[in-house]
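Work through the exercises below with the sequence and the model open side by side. Try each task before you read its solution.

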Amino acid sequence: MRFIINGGKPLRGTIEVKGSKNATTKMMIASLLTDEECVLENFPSIGDTEITKELCEHIGATVTIDGSTARLCTPNIKSHRVTQLTRRNRIPILALGPLLNRVGKAEVPVLGGDKIGARPVDIHLDGLKQLGAEITHDDKFFYASAPNGLTGATITLRYPSVGATENIILASVLAKGRTVIHNAAVEPEIMDIILLLQKMGAIIGLGSDRTIYIEGVKKMHGARHRILPDRNEAVSFACLGLAFPGNEVTVKNAVQKDLITFLNAVRKIGGEYRIEDDGITFFRKDGLVASEVETDTHPGFMTDWQQPFLILLTQAVGTSVIHETVYEDRFGYAEELRAMGANIAVFSKCLGELPCRYNGQGHPHSAIVSGPTPLTGITLKVRDLRAGMAHMIAALVAEGESTIEGIEEIDRGYEDLDTRLRAIGADIRRVD
Ligand code: EPZ
């Protein structure tokens, strides 16, 4: 499937942010911790939730989705072997904890690296092993067991990985005794997952300095939870409001407290925003100016925001610098942007101040963007979700027609994107 976009049209109006993809899929896995029903409201209908639904059903859940409400209930674990899914995402490894707690064994697929980096899962596995899991693997599957059950432990993560933090939390809520996670990731999505787990009966506390405390309980129960709005959608739509003078986009449900770092970056490049009761309106009066940005774990500037933000920097006067410290290979999409007319050079040196794991390793993880440069429509293929969104924004900014191929990748994370963009003035068509 493709999107055909005629760029350069003014974008004005209100666009509503849906429930967070990266919280929803983990909450679906959290529902496997209980034999009672969990109800998730503000549930996004996206490719990633469909894939995770199949995963949960394979394990034994009944999943019913009615509009933006999902009901998940797993009275029994039908299969601890996650082996025959028709589509893949990175979620199955998070099912290890619930499966080990409920049936003492689990098999999930090994996930390879992807287009943004190697994406190893060593921190997940180290954490689960410290809780007492025995894990082996071949080139296709991880085989885990916990014959004596999981037991709480003090675990220090070598890097505050989002997935590893979630994995250890999901495994330890039903483990015996107390678990302490030091150097944990503290993204708002993780906080929202913790809120759901607390409603389900877990005992979880937050310490200062990235510490999470969990007292294992014997049983979890059903709960109802409204999923937090998607920060990545909010930022993508905000960038549309900032793309041209004259644009004005109200991002309904955008939450200021979860976007503080982004809002500061917007102000530094000369963008404007108005915080309202139920969202944030983005616009600009004058030209944008160059800036420097370094991605980091929360509360830093999120790695998933650098791609839409980079498009704004192509329209800013001067030389901007982006230092990507979370993934080693997240500038692949610059190639297509250069073909559209952007002036972007990518370097393996660290062009920033944050301590970075990629220093001196030759990974292309810093970019210099010189602007402003007019962009021209082209045909391009989506590489990964966020790069695809950057290409969408570039195509909406560009003069002329763009064709974006492989949009299934965008549908994994953005519900009904073309319809929502048309409602604010975009000239976009979905074509088979
Ligand atoms: C989550 O990925 C998100 N995905 C990503 O969003 C997001 O970019 C990322 O967090 C950072 O915020 C989901 O929530 C499904 P990490 P995750 O573990 O959990 C390294 C999107 O487009 N690492 O924090 O996989 C890893 O290689 C996606 O929505 C290890 O070295 O992120 C990476 O460089 C893309 N060993 C860094 O840590 C490990 O065991 C951050 O990864 C785990 C991670």
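**Exercise 1. What volume does the second largest pocket have? Then describe its lining.**

The model is a predicted one. Start with the space itself: the second largest pocket has a volume of about 260 Å³. Next, go to its centre. The lining has 15 residues, and the closest to the centre are Lys268, Glu292, Val293, Glu294 and Phe301. Now assign the lining to secondary structure. Helix H8 (260–268), strand E18 (292–294) and strand E19 (316–323) each give at least two residues. H8 provides the largest share, with four residues. Last, sort by class. The lining holds five nonpolar, six polar and four charged residues.

**Exercise 2. At roughly what angle do the axes of H4 and H5 cross? Classify the pair and list the contact.**

Take H4 as residues 122–130 and H5 as residues 162–172. Their axes come within 8 Å and cross at roughly 25°. Angles under 35 degrees count as roughly parallel, so H4 is roughly parallel to H5. The handedness of this crossing is right-handed. Now the residues. From H4 come Ile123, His124, Gly127 and Leu128. They meet Gly163, Ala164, Asn167, Ile168 and Ala171 of H5. By class, this contact has five nonpolar and four polar residues, with no charged ones.

**Exercise 3. How many cavities of 30 Å³ or more does the model have? Characterise them.**

The count is two. Take the largest cavity to begin with. About 40 Å³ of space lies in it. Its lining is Val17, Pro229, Asp230, Arg231, Ala234, Asn253, Ala254, Val255, Asp258 and Leu259. That lining divides into six nonpolar, one polar and three charged residues.

Move on to the second largest cavity, which contains about 30 Å³ of space. Val82, Thr83, Leu85, Arg88 and Pro109 line it. Here the classes are three nonpolar, one polar and one charged.

**Exercise 4. Where in the chain is Asn253 found, and what is its phi?**

Asn253 sits in the loop between strand E14 (248–252) and H8. Its phi is positive, about 80°, although Asn253 is not a glycine. Link this back to Exercise 4: Asn253 is among the residues that line the largest cavity. Link it to Exercise 1 as well: H8, at one end of this loop, supplies four residues to the lining of the second largest pocket.

Definitions and conventions: Residues numbered from 1 in each chain as written. Predicted model: local features only at pLDDT ≥ 70, side-chain atom pairs only at ≥ 80, totals over all residues. Heavy atoms only, no water. 1 Å grid on protein atoms, 1.4 Å probe; cavity = no way out; pocket = protein on both sides within 12 Å on 5 of 7 lines; lining within 4 Å. Points joined across faces, edges and corners; volume = space filled by probe spheres on them. Nonpolar A, V, L, I, M, F, W, Y, C, P; charged D, E, K, R; others polar. Axes fitted to C-alpha atoms, helices over the stretch in contact; angles between N-to-C directions. Parallel < 35°, antiparallel > 145°, perpendicular 65-115°, else oblique. Left-handed = near helix turned anticlockwise from the far one by under 90°. Contact = heavy atoms within 4.5 Å.
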